[in-house]
Amino acid sequence: MKNTSFLLLVFATLVSFAFVMPKATVIKQINVVIDAGHGGSDTGVSIDGTTEKKITEQLITKIQAFNKNKNIVIHFTRSTDKFIPLDDRTTFINTIKPDLVLSLHVNSSSNTNKSGIEFYVSKESKSYEKSNLIAESFQSKFANSNYKVAEIKNANFYILKKSEVPAIIMELGYLTNKDDKKNLENSMEQNQIAKKIIECFEELN
Ligand SMILES: [Zn+2]
């Protein structure tokens, strides 16, 4: 085959491929802000030396370490044991404009039998509907993995109201409940929760 006809054939093949080859699917980058509740002088719930601020901090460290998905970009309102006012947190959130704000907390109750995970959204949020849908997907993912998960609740917490993007609060369990406390303090259990949260992020697409 002459060089020119060979080149023409190569060209024609490339052109035809351009028409039949399916376009590479564009994978959307997912931006998430994780807000570790409390910090610094604000310990949150504190029971026998175990504090809410420490548990949420341990969890964000694990989420960051386990996230191997390059399409999930996670930002943190705090990564150290530092007090950050709520309005600073929401200013940071509204600058980043993520696809989701996940605020992590730990519960307490005078009823020591109360246990399990809870999700909160706010009807006052601009993104209430989307927040509720995301909370539902988190709820089912955890419930399907045998976690005790309550119904999604409405609350006008500052972070939920003031974030201009979908935002949910996840209460990881009750420090006032013996079994929840044991689980929340357990590194292996924390690993499971961290991995499950990343799976939930992967479904945000
Ligand atoms: Zn809290």
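This is a predicted model: local features need pLDDT of at least 70, side-chain atom pairs count only at pLDDT 80 or more; totals for chains, interfaces and linings use all residues.
Donors, as the term is used here, are N, O and S atoms within 2.8 Å of the metal, or 3.2 Å for Na, K and Ca; water is not among the atoms, so sites may look incomplete. Good morning, colleagues. With that term in hand, I turn to the zinc ion, whose protein donors are His-38 through NE2, Glu-52 through OE and His-105 through ND1, lying 2.1 Å from it.

Residues are numbered from 1 along each chain as its sequence is written, and side-chain values use heavy atoms, with hydrogens and water left out.

Along the chain, the donors of the zinc ion follow the spacing H-x13-E-x52-H. Two of them link distant parts of the chain: Glu-52 belongs to helix H2 and His-105 to strand S5, residues 100-107, and they stand 53 residues apart. Helices (H or I, at least four residues) and strands (E, at least two) are DSSP runs, numbered from the N terminus. Are Glu-52 and His-105 buried or exposed? Both are buried, where buried means under 20% relative accessible area, exposed over 50%, and partly exposed in between, with a 1.4 Å probe and protein chains only.

Let me stay with helix H2, residues 52-66. The buried residues of H2 include Lys-53, Ile-55, Thr-56, Leu-59 and Ile-60.

Next, the charged pairs. Side chains of opposite charge can pair when their charged atoms come close. A salt bridge is a side-chain nitrogen of Lys or Arg within 4 Å of a carboxyl oxygen of Asp or Glu, and the whole structure holds 10 salt bridges. One of them joins Glu-57 to Arg-78, with the closest N and O atoms 2.8 Å apart. This pair connects helix H2 with the loop between strand S4 (72-76) and helix H3 (86-96), across 21 residues. Glu-57 is buried at a relative accessible area of 11%, and Arg-78 is buried at 3%.

A network of salt bridges links Lys-141, Lys-196, Glu-199 and Glu-203. Within it, Lys-141 meets Glu-203 at 2.8 Å, N to O. Lys-141 lies in helix H4 (residues 128-144) and Glu-203 in the segment after helix H7 (187-202), so the pair ties together parts 62 residues apart in sequence. Lys-141 is buried at 17%, whereas Glu-203, at 49%, counts as partly exposed. Lys-196 and Glu-199 also meet, at 3.4 Å, N to O; both lie in helix H7, 3 residues apart, about one turn of the helix.

Finally, the interior. A nonpolar core is a set of buried Ala, Val, Leu, Ile, Met, Phe, Trp, Tyr and Cys residues joined through side-chain atoms within 4.5 Å. Which residues of the largest nonpolar core touch the most other members? Of its 37 residues, they are Leu-104, Phe-138, Ile-197 and Phe-201. Helix H7 gives the most to this core, with 6 residues. Thank you.
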